[in-house]
Amino acid sequence: ESRRKAAEKVKPSAKLLVRNVAFEANKKEIRELFSAFGELKSVRLPVKQGGKGHRGFAFVEFLTEEEAKAAREALSNSHFYGRHLVIEYSKEGENIEDLREKTKQLFSGLDKK
């Protein structure tokens, strides 16, 4: 629960972090899903080291914060390829190493429940 509150403290921005993206999904499909809510500036689907497949999360950047907010609100309870999308505002300057550490902490806490 405290993790959820921490995620809500991140300032709204035009850039979203989308977690739990199915490995079957591709950049074009992510773009199509989110473009219904506004004009996209960029979609990044970071790839695994070695280049085989993506890492299960994406960055979706809109032109405006309002568009990002609308997409986050509309899609936060949706499923894509049968997986529940977890959508947060991306922190400015957040990089892949930060996300890797955050995800590790998030999932290590689930094992103890």
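View 1. Buried here means under 20% relative accessible area, exposed over 50%, and partly exposed in between (1.4 Å probe, protein chains only). This is a predicted model, where local features need pLDDT of at least 70, side-chain atom pairs count only at pLDDT 80 or more, and totals for chains, interfaces and linings use all residues. Residues are numbered from 1 along each chain as its sequence is written, and side-chain values use heavy atoms, leaving out hydrogens and water. R19 is buried as well, at 11%. The two form a salt bridge (a side-chain nitrogen of Lys or Arg within 4 Å of a carboxyl oxygen of Asp or Glu), with the closest N and O atoms 3.1 Å apart. Since R19 sits in strand 1 and E88 in strand 6, the pair ties together parts 69 residues apart in sequence.

**View 2. Here is the open sheet of 4 strands, in the order 2-3-1-6 with antiparallel pairing.** Strands (E, at least two residues) and helices (H or I, at least four) are DSSP runs numbered from the N terminus; two strands pair if DSSP finds at least two bridges between them. Strand 2 (40–44) and strand 6 (86–89) are at the edges with a single partner each, so one side of each has no neighbour in the sheet. Between strand 1 and strand 3 there are 5 bridges, and R19 has F57 as its bridge partner in strand 3.

**View 3. K28 and E32 form a salt bridge, their closest N and O atoms 3.6 Å apart.** Both belong to helix 2, 4 residues apart, about one turn of the helix. K28 is exposed at 58%, while E32 is partly exposed at 48%.
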